[in-house]
Amino acid sequence: MIELNLDLKFKMKPWKKALAFSFLFYLIILFILIVIITFTKRGFSFKLVSIISAVYLGILTLGFRYMYRRFQEIFTVMNQ
Amino acid sequence: MLNISKKTIILVMIPLPIIFMGYIFGLIGVLIGFAISIILSIWLIITNADRIILYIYRARKAMPAEQNELQEKIQVLSERMRVRIPSLYVTELALPGSFVIGKNMDNTMIIFPERLTGILKNEELDALLAHNIVQINNSIGKRTFAALIASILTMSASAIRWGAVFTGFGDYDEPAPKLFGLFVMGLVAPPAAAIMHSVTDKDIDVRAARLCGNQAAFILSIDQLEKNTVTAYPSLGFFCLVDPQKETFFEYLFNSHQSREIRVKNLIEGMKRA
């Protein structure tokens with residue numbers, strides 16, 4: 001029997017972990033949106049899905065970028 | 001009777017634009033009416049944010065003979081701070097601490113969870129109320145509105161979790177409802193925390209300790225509340241003396257207070273500077 005001992009330690013500050021998982025959850029929402037569009041259009045429309053994904057990811061990235069910087073400022077001051 | 005009529009008028013006013021505009025202009029009128037209703041609803045929420053918060057946290061006005069000692073302490077501290085005496089509202093909910101809300105500096109309310117009278121001693125209650133009263137300033141209206149939005153967003157996670165319970169996914173503490181709640185919390189926590197952090201005040205500890213005049217009691221009240229803190233209501237942390245206990249790692253985004261050691265160190269340095 002082969003045993004794999006992977007001693008992986010993933011250390012991330014709690015607020016960064018929260019933002020990372022939140023970003024992931026918003027990507028799941030995008031996936032659900034794409035599934036709904038595909039079912040309503042009765043087929044995968046690459047152009048429409050690309051436009052929606054580009055706009056959604058653009059807004060999401062800008063939003064999370066702002067929040068990351070804001071929380072970094074707040075929690076750096078808090079831990080001093 | 002007057003209150004019921006006021007609520008009825010408000011409930012009738014909101015859909016009226018949709019019906020009226022739709023009747024005159026058809027579908028486009030309905031859409032315009034809908035937009036007007038939304039603007040009206042937002043205006044009503046902004047102007048009644050404090051009332052809505054009282055309703056959310058099931059706070060009722062303290063009777064004149066109820067909580068006499070607390071009312072006297074609030075009066076003394078308000079006179080010292082030279083602000084209008086806030087009304088006292090009590091709640092049976094297990095909130096992490098007491099907090100002050102209001103439309104403006106002349107119209108404020110302190111929401112006080114009844115469990116705190118059994119946890120804190122006299123001087124510690126003074127310190128807690130001083131922490132609330134120093135937050136009465138020009139930005140109280142903004143902070144009340146931010147607290148309302150953050151509360152509504154975070155409560156949606158709890159609502160979804162209960163929805164999962166009632167639709168047969170298991171009990172409240174079982175993995176499936178927890179996962180639903182966690183997912184929604186993951187979506188709402190960053191914007192809610194960002195809104196909350198945009199209105200936090202600075203140096204509250206030093207000002208509160210100066211107001212109550214008892215630094216040691218202030219530190220003891222922090223210790224007692226941290227020992228007896230509750231899980232839930234993460235959006236109230238920035239208003240209260242201590243942050244509530246965290247159930248999920250998303251609630252770390254709502255952390256508004258430094259660790260006890262840093263707080264005590266900053267408090268002592270701040271008092272020396274005074």
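**Exercise 1.** Does B:Asp223 count as buried, partly exposed or exposed, and at what relative accessibility?

*Solution.* The model is predicted. Start with the value: B:Asp223 has 22% relative accessibility. Buried means under 20%, and exposed means over 50%. So B:Asp223 counts as partly exposed. Next, find its partner. The side chain of B:Asp223 meets that of B:Arg260 in a salt bridge, at 2.4 Å from N to O. Then place the pair: B:Asp223 sits in helix α10 (residues 215-227) of chain B and B:Arg260 in helix α11 (residues 260-273) of chain B, 37 residues apart. B:Arg260 is partly exposed, at 28%.

**Exercise 2.** Explain why the salt bridge of B:Glu114 and B:Arg60 ties together separate parts of the chain.

*Solution.* First, the distance: the closest N and O atoms are 3.1 Å apart. B:Glu114 lies in the loop between β4 and α6 of chain B, and B:Arg60 lies in strand β1 of chain B, so the pair ties together parts 54 residues apart in sequence. B:Glu114 is partly exposed at 23%. B:Arg60 is partly exposed at 36%.

**Exercise 3.** Describe how strands β3 and β4 of chain B pair.

*Solution.* The two strands run antiparallel, joined by five bridges. A hairpin of two residues connects β3(B) to β4(B).

**Exercise 4.** What does the interface of chain B and chain A contain?

*Solution.* Begin with area: about 1700 Å² is buried, and carbon and sulfur atoms give 78% of that. Salt bridges between the chains number zero. Three residue pairs are in polar contact. Helix α8 of chain B gives nine residues, the largest share of the chain B side.

Notes:
Residues numbered from 1 in each chain as written. Chains lettered and ligands numbered in written order. Predicted model: local features only at pLDDT ≥ 70, side-chain atom pairs only at ≥ 80, totals over all residues. Heavy atoms only, no water. Pairing = 2+ DSSP bridges. Helix = DSSP H or I, 4+ residues; strand = E, 2+ residues; numbered from the N terminus. Buried area = accessible area lost by both parts, 1.4 Å probe. Salt bridge = Lys/Arg side-chain N within 4 Å of Asp/Glu carboxyl O. Polar contact = N/O pair within 3.5 Å; in protein donor to acceptor, adjacent residues only side chain to side chain. Buried < 20%, exposed > 50% of the residue type's maximum accessible area, 1.4 Å probe, protein only.
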